[in-house]
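Biologist: Could you take me on a close look at the nonpolar core of this model, and then at whatever sits around it? I'd welcome the cut-offs as you go.

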Amino acid sequence: MILPGVIFMIIFSYIPMYGVLIAFKHYTVLDTFSTAPWVGLENFKIIFTDQYFWGAMVNTLGISFLKLAFGFITPIILAIMIHELADGPFKRMMQTVSYLPHFLSWIVLGGMLITWFSTTGLFNDLLMSVGLLSKHQNFLLDEDKYWWIATLSDVWKEVGWGTILYLAVMTKIDPTYYEAAKIDGATRLKQIWHITIPMMKNIINLNLILSISGILGSNLDQTLVLMNSQNQAKAEVLSSYVYRIGMTQGDFSYSTAVDLGTSIVSIILLLTAHKITKRLNDNESII
């Protein structure tokens, strides 16, 4: 049953890894992988003097840390809130409503956000009505607001989907733990703190490791949809920078070098996060 998935990975994930070689070559569309001249680490040396790369790096880290801070804890809180609801139509409706944005592409959501944040959009009307805004403005043209727009829109899109694993773990918690806690006089908050959260420790640690390892992989789809000439200084991230350098400017070797370097750093972050969580978990590995 897993054979189709294995074949898919070999064709689309492992075989294309041969193309990493062009990071060490001066490759153009007139060359092949074998005929392109070797340049060694020259493409990697350019990275350290490329101001646009470092600008994209700052944006990537800034947006990713905000997403990690808000996007990691929010699904846990929402999952606990949904779990505490009594079974019934309202609970199922809350799950469905929170899941829905995940299934919409960034093309659709981006169009909605562009409309909502425009000068005559929904957010202008809401802020004007409560007196928080004195005049209409286009929020997506203000580069200083972009990091928060990217962060909060990503949290809104993925928060419901992120609750699935937590809810699955919570449904397997033995209800006798809660019954014993009630007999001992534990309030609902104390039951959550001393029973629910500790029981989710392993899946929380696993998600934290994966989130930290992907900190340099900001959402390309979101960036391409929301970025414009006015906010590009704060919107350009490493993934969009690699796409722009490689696909629009044709510098395939340099863009591959940047992407390869990013992948190496991501692996280091993955191993470091795993080691830290292992120590915090009494040297017990969760992977």
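Modeller: Happy to! The largest nonpolar core has 37 residues, and those touching the most other members are Phe53, Ile76, Tyr166, Met170, Met200, Ile204 and Tyr254. By nonpolar core I mean a set of buried Ala, Val, Leu, Ile, Met, Phe, Trp, Tyr and Cys residues joined through side-chain atoms within 4.5 Å; buried is under 20% relative accessible area, with a 1.4 Å probe and protein chains only. At least two core residues come from each of α2 (42-47), α3 (51-84), α7 (146-171), α8 (175-183), α9 (188-199), α10 (201-213), α13 (238-248) and α14 (252-280). With 10 residues, α3 gives the most to this core. Helices here are DSSP runs of H or I, at least four residues, numbered from the N terminus.

Before going further, this is a predicted model: local features need pLDDT of at least 70, side-chain atom pairs count only at pLDDT 80 or more, and totals for chains, interfaces and linings use all residues. Residues are numbered from 1 along each chain as its sequence is written, and side-chain values use heavy atoms, leaving out hydrogens and water.

Back to Tyr254: not counting residues up to four places away in sequence, Tyr254 touches Asn43, Ile46, Ile47, Asp50, Phe53, Tyr241 and Ile245, where contact means heavy atoms within 4.5 Å. Another core lies apart from the largest one; its 15 residues include Ile63, Phe139, Ala235 and Val237.

Now to α10, whose buried residues are Ile203, Ile204, Asn205, Asn207, Ile209 and Ser213. They pack against α3, α7, α9 and α14.

The largest pocket also involves α10: α3, α7 and α10 are the elements giving two or more residues to its lining. Of its 24 lining residues, Gly71, Phe72, Asp154, Glu158 and Ser211 lie nearest the centre. A pocket, on a 1 Å grid over the protein atoms alone, is an open set of points where a 1.4 Å probe fits, with protein on both sides within 12 Å along at least five of seven lines; lining residues have an atom within 4 Å of a point. The largest share of this lining, nine residues, belongs to α7.

Finally, the second largest pocket has 17 lining residues, with Ser239, Val242, Tyr243, Ser255 and Asp259 nearest its centre. There, α13 and α14 each supply at least two lining residues.

Key. Buried means under 20% relative accessible area, exposed over 50%, partly exposed in between (1.4 Å probe, protein chains only).
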